[in-house]
Amino acid sequence: MPRLPLPRRGFLSLLLAAAASAHAANPTVEIIAFAHPPVLNALKPLRDWLGQQGKRVRWVETDMESPAGAQRLRALGITSHTPLVILVDGRYAHTRADGSTLALIGFPSSGGGSAWTIEDAKAIITGAMQR
């Protein structure tokens, strides 16, 4: 039986890089929020949806009243009172499909104006999953 040559280090590095980039395609969602109603109630549809995404998205929640939550908000430069922040791949400012901009900060609305909705957050996360 003929002996196949072992892959060279460059090929192996390329293969590992390709595997890492495929893994990096899964977006990371970070929710920093108050851990009490009405914020918990407002985020329930998003949490349920994220839970259905399986390994297609990584997500983590941090209580903004915890030391870690307060430190994270400071690192983001958010100093005003806000009930929640949602980061998708480290950013809370995003562009909708129609070209308008929104920031996933504050309480979600039921739609309209410059406010954001849970559906906006889902659309942004879905777009990140498709990149």
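**Burial, strands and salt bridges**

Mentor: Buried means under 20% relative accessible area, exposed over 50%, and partly exposed in between, with a 1.4 Å probe and protein chains only. This is a predicted model, in which local features need pLDDT of at least 70 and side-chain atom pairs count only at pLDDT 80 or more, while totals for chains, interfaces and linings use all residues. Residues are numbered from 1 along each chain as its sequence is written, and side-chain values use heavy atoms, with hydrogens and water left out.

Trainee: With which side chain does the side chain of R47 make a polar contact?

Mentor: A polar contact is a pair of N or O atoms within 3.5 Å; within protein, one must be able to donate a hydrogen and the other to accept it, and residues adjacent in sequence count only if both atoms are side-chain atoms. For R47, the partner is the side chain of E61, at 2.6 Å. R47 itself lies in helix 2 (residues 39-52); helices (H or I, at least four residues) and strands (E, at least two) are DSSP runs, numbered from the N terminus.

Trainee: Which way do the residues of strand 3 point?

Mentor: In a regular strand the side chains alternate between the two faces of the sheet. Here L84, I86 and V88 point one way from strand 3, V85 and L87 point the other way, and all are buried.

Trainee: How many bridges join strand 1 to strand 3?

Mentor: Two strands pair if DSSP finds at least two bridges between them. Strand 1 (residues 28-33) and strand 3 run antiparallel and are joined by five bridges. In this pairing, I32 stands opposite V85. V29, also in strand 1, is buried with a relative accessible area of 0%. From V29 to V88 the C-alpha distance is 4.7 Å, although they are 59 residues apart in sequence.

Trainee: How many salt bridges does the count come to?

Mentor: A salt bridge is a side-chain nitrogen of Lys or Arg within 4 Å of a carboxyl oxygen of Asp or Glu. By this rule there are five salt bridges. One of them joins R72 and E30, with the closest N and O atoms 2.9 Å apart. R72 lies in helix 3 (residues 67-76) and E30 in strand 1, so the pair ties together parts that are 42 residues apart in sequence.

Trainee: Is R72 buried or partly exposed?

Mentor: R72 is partly exposed, at 27% relative accessibility, whereas E30 is buried, at 15%.
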